[in-house]
Amino acid sequence: MSGGDKQDVGGEPLVIEQRGLYFEELQEGVTYAHRPGRTVTEADNVLFTTLTMNTQALHLDAAWSAGQPFGQRLVNSMFTLATMVGQSVSQLTQGTIIAQLGLADVSFPHPLLHGDTLYTETVISGKRLSGSRPGQGIVTMEHTGRNQDGTVVALATRSCLMWTREAHAKRQDHGQETMQS
């Protein structure tokens with residue numbers, strides 16, 4: 001073993017797994033800034049739009065869109081929403097979420113355009129332990145997506161069912177016991 005290798009008490013190499021935050025680690029009123037941003041390309045927009053069978057010319061037809069109020073194609077707002085939520089995953093919910101419960105108050109106050117970079121921030125606006133699911137809690141997240149100029153391009157409120165650290169650890173320990181049996 002080289003001098004730079006780290007070991008835990010049992011002599012095994014130390015492994016640090018990336019994860020989101022557990023229910024009790026999420027703090028109300030705190031702004032979580034998700035970085036890096038995501039620069040959206042024409043290919044992203046066309047692929048997402050065609051994969052989801054959205055034939056809206058505003059996303060696909062450059063000539064037609066040139067005659068519309070924004071003068072160009074717009075990034076599909078569902079791509080914007082999905083990317084905004086996706087940018088929060090590694091910092092907030094990776095491996096600690098049980099289920100997404102719903103989205104509310106979704107709006108797109110300004111379009112996202114090809115070449116724009118989407119930056120997302122999330123504020124935890126509420127959290128409570130579940131009354132019917134011990135070891136789990138409901139967290140309300142308010143996502144805000146901005147372009148590179150700071151203009152708000154998307155807003156969404158999302159509720160998620162999240163693990164508490166202790167309950168998740170017990171579940172994982174039980175899973176290890178089951179696999180070893």
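Contact means heavy atoms within 4.5 Å. This is a predicted model, in which local features need pLDDT of at least 70 and side-chain atom pairs count only at pLDDT 80 or more, while totals for chains, interfaces and linings use all residues. Residues are numbered from 1 along each chain as its sequence is written, and side-chain values use heavy atoms, with hydrogens and water left out.

Q: Which residues is Thr164 in contact with, leaving aside its neighbours within four places in sequence?
A: Thr164 belongs to the loop between β5 and α5 (165–180); helices (H or I, at least four residues) and strands (E, at least two) are DSSP runs, numbered from the N terminus. With neighbours within four places set aside, its contacts are Tyr22, Phe23, Glu24, Leu129, Gly135 and Gln136.

Q: Does Thr164 count as buried or exposed?
A: Buried means under 20% relative accessible area, exposed over 50%, and partly exposed in between (1.4 Å probe, protein chains only). Because its relative accessibility is 12%, Thr164 counts as buried.

Q: In what order do the five strands stand in the open sheet?
A: Two strands pair if DSSP finds at least two bridges between them. The pairing in this sheet is antiparallel, and the order is β1-β3-β4-β5-β2.

Q: Why is one side of β1 and of β2 left without a neighbour in the sheet?
A: The strands concerned are β1 (31–39) and β2 (97–107). Each has a single partner strand, so the reason is their place at the edges.

Q: What is the bridge partner of Gln100 in β5?
A: β2 and β5 (residues 152–163) pair in the antiparallel sense over seven bridges. In β5, the partner of Gln100 is Cys160.

Q: Which helix packs on the sheet, and what angle does its direction make with that of β1?
A: The helix is α4 (residues 77–93), which touches β1, β2, β3 (117–129), β4 (136–146) and β5. Axes are lines fitted to C-alpha atoms, for helices over the stretch in contact, and angles run from 0 to 180 degrees between N-to-C directions. The direction of α4 makes with that of β1 an angle of about 125°.

Q: What is the radius of gyration of the protein chain?
A: The chain follows the pattern β-α-α-α-α-β-β-β-β-α along the sequence. The radius of gyration is taken over C-alpha atoms, and the globule rule is 2.2 Å times the number of residues to the power 0.38. For 181 residues that rule gives 16 Å, and the chain is well over this value, so it is more spread out than a compact globule, with a radius of gyration of 21 Å.
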